[in-house]
Amino acid sequence: MLYMPVIGSSSLHPLYNCYSVVYANKVENVRLLDRVSSRKAALGTLYLTATHVIFVENASETRKETWVLHSQISSIEKQATTATGCPLLIRCKNFQVIQLIIPQERDCHDVYISLIRLARPVKYEELYCFSFNPKLDKEEREQGWKFVDLNEEYNRMGIPNDYWQISDVNRDYGVCDSYPTEVYVPKSATAHIIVGSSKFRSRRRFPALSYYCKDNNASICRSSQPLSGFSARCLEDEQMLQAIRKANPGSDFLYVVDTRPKLNAMANRAAGKGYENEDNYSNIKFQFIGIENIHVMRNSLQKMLEVCELKSPSMSDFLWGLENSGWLKHIKAIMDAGIFIAKAVAEEGVSVLVHCSDGWDRTAQVCSVASLLLDPYYRTMKGFMVLIEKDWISFGHKFNHRYGNLDGDPKEISPVIDQFIECVWQLMEQFPCAFEFNERFLIHIQHHIYSCQFGNFLCNSQKERRELKIQERTYSLWAHLWKNRADYLNPLYRSNHSQTQRTLYPQMTPCNFLYKFWSGMYNRFEKGLHPRQSVTDYLMAVKEETQQLEEELEVLGERLANLQKMQLNGNKIQSKQQDRGKQLGLSASTNSLANTPQEYGSDLKSFPSRSPSQGDEDSALILTQDNLKSSDPDLSANSDQESGVEDLSCRSPSGGGCLPSEDSGKDSDEAVCLAV
Amino acid sequence: MEFAELIKTPRADNAVLHGPRCPAVRGTLCLTGHHLIFSSRRKEGGEELWLLHANIDCVEKRFVGSLGTIVIKCKDLRIIQLDIPGMEECLNIASSIEALSTLDSITLMYPFFYRPMFEVVEDGWRSYLPEQEFELLSSVTDEWRLSCANKDFSVCPTYPPVVIIPKCIDDEALRKVAVFRYGGRFPVLSYYHKKNGMVMMRSSQPLTGTNGRRCKEDEKLINATLRPGKRGYIIDTRSLNVAQQARAKGGGFEQEVYYPQWRRIHKCIERFNILQESLIKLVEACNDQSHNMDRWLSKLEASNWLTHIKEILTAACLAAQCIDREGASVLVHGSDGTDSTLQVTSLAQIILDPRCRTIRGFEALVVREWLQAGHPFQLRCAQSAYSNTKQKWEAPVFLLFLDCVWQILRQFPCSFEFNEQFLIMLFEHAYASQFGTFLGNNENERSKLKLTQKTMSLWSWVNRSEELARFKNPLFEANSLVIWPSVAPQSLQLWEGVFLRWNRPSKFLDEAQEEVLNIINYNRELQAKVNALRRQLAELETDDRMQENLTLPVMNGVSSQAGNGLTQTSLKQLPSRSWQWEGEERRKK
């Protein structure tokens, strides 16, 4: 047992300081429990590195590895020591739950203490993105950051135009430090009006443009709550709203949507905040849409995750727990708000101003859901990145606080963007052809919001990111996802399909049964619970084959023409055919996870004639392929003969045997310590 | 014709039809002996509704002034509403529908009157005979025989005339075993697992009673299926408690003293009215149109439907696990052996046997394990979710089975030759049909009704290529392996295709299905084109090569240009065809 840190191959490493807290960096004979079946456990070695916790199985033929980024760890629990060892429970922000049993209590304690420190970095520099190096040169890095350009996006919407312009009023973050420097406002809103309005809004988040519909001039604007108290008013703020209304000449009023429950908004009045009084603003229609606050949402998720973590729950336990968590009710509330706004814009042609309290959580959710419903562009892969950049990153959604990247106030943490991502998934379930991307795309974005592997989601505002020089020191996720876009495509998407053309109108009522539990996200790592064959992967493989056939058809056609013309023989194409057959036959299925019986009848094990092979054939299902070394030659050989999915392998995308790694950096620096 | 007496008002003009998820239509309503027909006058041949009276589960009538409204709730869970002007007409029509939808006599049912409009290529009544099944079996093992002991239904009234039993058991012994089993349902072969020679048998409960009766022949029969030194499992679909209580009524379970080579496992699958109640509650929750649907999940939970699904699937997986993983033979029974037993044995076969996941294989399974095995369809499917009578014998046992199949299909979307529509079609026909297949409660009753002569088989209709096209799963790739479904609550879902069929918008989902079909069909089209071109090329090349042999030196330049160093012989060894055939075979399977 080593008690000295051995990782520091380079003393310049930014994490050098925290090595001193790593008490144990390698523990042997650790058991990793299978969450579904507690009988199954993998014996292996646990490594702590500067950025990851790594568990390597002893089983010589697989050597399966489980990698967990420190930034993904949300809680570590040391449980009472038993005869078999000391259990350690690690819960992750991407909903992975890892149960380890460490033989020695002292080792367990050391690991626990180390992880507590490692999982709660205090400085941005300690985060993974500052050491992550995907081996791109400076130029590629810069290109990556330019991939999503918001000015380009507003141009796409048709702005600036006669009604809207870009304002530099916030150029040094002088008006609002959580807003971007470039803000789009009505042309008639002078700097005086903007500044005046900003003084009447919480944290000076004045009304600014989020989405503009060029077909009918209706727009979605966003802000924070007005500081109206019981009777205060502000002329500039009233002028600001009027300017927004007038920027839509086709409509004689403006919706103001307060996404909070009415009671919460009223309580805010006592603190000098509140909501717009219809009497003071000309031609507004005020509307409450009750979405609960971040604390309610945090507790709701907590309750739902408790249900997900239940060991062999009954159907009743599960459904009751899900209902009691209220999670789907909250999802529906967000969707309803988004649908309301989309309808106002698309059907009534009325502009909408959206706010909540500070205008960075519920407002971001609702604006982005509405944009997604309204504009097919946001349902493309690139468009979705732009949408997150626009409504979340640029408008100062507090990523650092909400997702606990740095050690901070636990009361600030809340799954705000997780809920938005789930709303998108719920829409994908209802409109299977409407989105260019698939479920995996959403899951990987969620993963990286917490992973801190890329710089996109760092800090709480644009201002902080600029001060930290994020773009010079880290890489952009968008370029990384785009590079692997083949893995994120929805095979049913066709840009000329009716579902990809216009506004989506989800059914409003009765529709509770339309919102479903997303096991692909919240039970993401229990692969055994998911469908064993993926229709998406199958169809992508078929499409890829189709493309090859198209090419071949062309080549064959040419050849035939030549042959007929010249009556000559050519070997070239036949050899190409041979290659192709090989490719289709050998590529490993993305689905080749072990499929063996679950514990259908728990009393089987006491029976003496139990076959010795039982239980050895498949190992812990916690491990995903992402966590397997991509160079592992056993990747496809691992699959169980009874998996029932093997036949699919002949149709899987060539080279698609391994999903694009979410932890693509894991093989670079860290590999060093494994060799130790 | 006595139907005329029941039809007091055969026709009503100016009626308004409110169907699920479509705007109201004005038109004419007609009643015939077996159908309710509604045709709108607006469009030529446009909207016409033909509803079998047998499909009607319940009729309700309301009046507002002289405008009467009839609400018709169907066994396929659809609800339609008819507004009929005139109180008398409305009352007459309502009572006629009620009478026609509750005819007592089976021989008055539509299948006895139905004349097919299609050409019968294959007589479905002869598609799945026990003799054919036995032939398949005897090609792999000779330990079993066909027994005709029940040819006049005297040994067991609910069994078919021929059954498969161990070779070493004679008919005399069989009769003794039948006396020892409830309803005479002695253990018979349900499934033979070719991979390891293990078997699944099914029966009813043994009549041990309170003083523990035994039957040596019964012990001998089931022990005959064991390999030397091996043990087997008895899966009792009742809880231990229920099984013990059954002893008081003369029933019971196999006692370990007399069956030392068998280990008994009790599972708890509900029966009868508990299931029917569950269906009623579930459909009520799904139909709840009130805007306040907050408690949807708790209503779903309270119906217990998914709990039943989980229990049944778990028991089936356990049976399959015993056979495939433990290498043990299995006997399945509950009390009667006609309900939960069949759910378990048929689902276990879907898990174990790839053949059961094909269309014909699944049809054979339904015939073998449900129709011939004596599941009382007539009793169980008399009423569906809107029934008011609530008879003890009504229960959605078959629907639960179909739902379980759908759950497995959802988890293995590429392993089934049929699609969800196929399962929904079977659900509909089990409750109301123009075909005779699901009439009667067992083969005995069916032979008395002379169904094979007087009615058409469902399979005669389904197995025509026109119909099959609708029921084929475009994603199907033959999968020869055992498929183990997950039974965790997170993996089981409400079968929306049945329960929300009339309440949820399906346009976008249908479009997605269409898109899937387009992708697959386009691929096949290209494949066919490429194959045709290759064949054409190959022919040209052979011609070419013959010429080549004559003028070989001229060709040298070209073949070296190809650069792969292929000689003439190696060229012959890698014909494009071989790959292409593999591809085609993969599809055909």
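UniProt, in an unreviewed entry, lists a "binding site" made of Asn293(A), Ile294(A), Cys356(A), Ser357(A), Asp358(A), Gly359(A), Trp360(A), Asp361(A) and Arg362(A). These residues are spread over 70 residues of sequence, yet they cluster in space, with a largest C-alpha distance of 12.3 Å. The model is predicted.

**Two residues of the listed site**

- Cys356(A) sits in a loop of chain A, between strand E14 (351-355) and helix H11 (362-374).
- Is Cys356(A) buried or exposed? Its relative accessible area is 3%, and buried means under 20%, so Cys356(A) is buried.
- Leaving out residues up to four places away in sequence, Cys356(A) touches Ser223(A), Ser224(A), Gln225(A), Asp258(A), Thr259(A), Arg260(A), Asp361(A), Arg362(A) and Thr363(A).
- Asp358(A) is also found in the loop between E14 and H11 of chain A.
- Asp358(A) has 18% relative accessibility, so it counts as buried too.
- Beyond residues up to four places away in sequence, Asp358(A) touches Ser202(A), Arg203(A), Arg205(A) and Ser224(A).

**A helix pair in chain A**

- Helix H10 (residues 327-348) and helix H14 (residues 416-430) of chain A pack at an angle of about 80 degrees, and their axes are 10 Å apart.
- Angles of 65 to 115 degrees count as roughly perpendicular, so H10(A) is roughly perpendicular to H14(A).
- H10(A) brings Trp327(A), Leu328(A), His330(A), Ile331(A), Ile334(A) and Met335(A) to the contact, while H14(A) brings Gln419(A), Glu422(A), Cys423(A), Gln426(A) and Leu427(A).
- What classes of residue make up the contact of H10(A) with H14(A)? Seven are nonpolar, three polar and one charged.

**A helix pair in chain B**

- In chain B, helix H9 (residues 305-324) and helix H13 (residues 397-411) cross at roughly 75 degrees, and their axes come within 10 Å.
- H9(B) and H13(B) are therefore roughly perpendicular to each other.
- Trp305(B), Leu306(B), His308(B), Ile309(B), Ile312(B) and Leu313(B) in H9(B) face Leu399(B), Leu400(B), Asp403(B), Cys404(B), Gln407(B) and Ile408(B) in H13(B), and these residues meet.
- This contact has nine nonpolar, two polar and one charged residues.

**Nonpolar cores**

- In soluble globular proteins, nonpolar side chains tend to be buried together.
- The largest nonpolar core here has 232 residues.
- Phe384(A), Trp478(A), Tyr522(A), Phe362(B) and Phe499(B) have the most contacts inside this core.
- H9(B) gives the largest share of the core, 13 residues.
- Tyr522(A) touches Phe95(A), Leu301(A), Met304(A), Leu305(A), Cys308(A), Trp327(A), Asp418(A), Glu422(A) and Phe517(A), not counting residues up to four places away in sequence.
- A second, separate core has 30 residues, including Phe134(B), Val177(B), Phe180(B) and Val188(B).

**Chain A as a whole**

- Chain A holds 22 helices and 14 strands.
- Of the 676 residues in chain A, 62% are buried.
- Take the contacts in chain A between residues at least 6 apart in sequence: 72% join residues at least 24 apart.

**Pro130(B)**

- Pro130(B) lies in helix H3 (residues 130-138) of chain B.
- Pro130(B) counts as buried because its relative accessibility is 16%.
- Pro130(B) and Ala364(B) are 234 residues apart along the chain, but their C-alpha atoms are separated by 9.6 Å.
- Apart from neighbours within four places in sequence, Pro130(B) is in contact with Val162(B) and Gln372(B).

Conventions
Residues numbered from 1 in each chain as written. Chains lettered and ligands numbered in written order. Heavy atoms only, no water. UniProt positions renumbered as here; feature names shortened; annotations may be inferred. Helix = DSSP H or I, 4+ residues; strand = E, 2+ residues; numbered from the N terminus. Buried < 20%, exposed > 50% of the residue type's maximum accessible area, 1.4 Å probe, protein only. Contact = heavy atoms within 4.5 Å. Axes fitted to C-alpha atoms, helices over the stretch in contact; angles between N-to-C directions. Parallel < 35°, antiparallel > 145°, perpendicular 65-115°, else oblique. Nonpolar A, V, L, I, M, F, W, Y, C, P; charged D, E, K, R; others polar. Core = buried A, V, L, I, M, F, W, Y, C linked by side-chain atoms within 4.5 Å.
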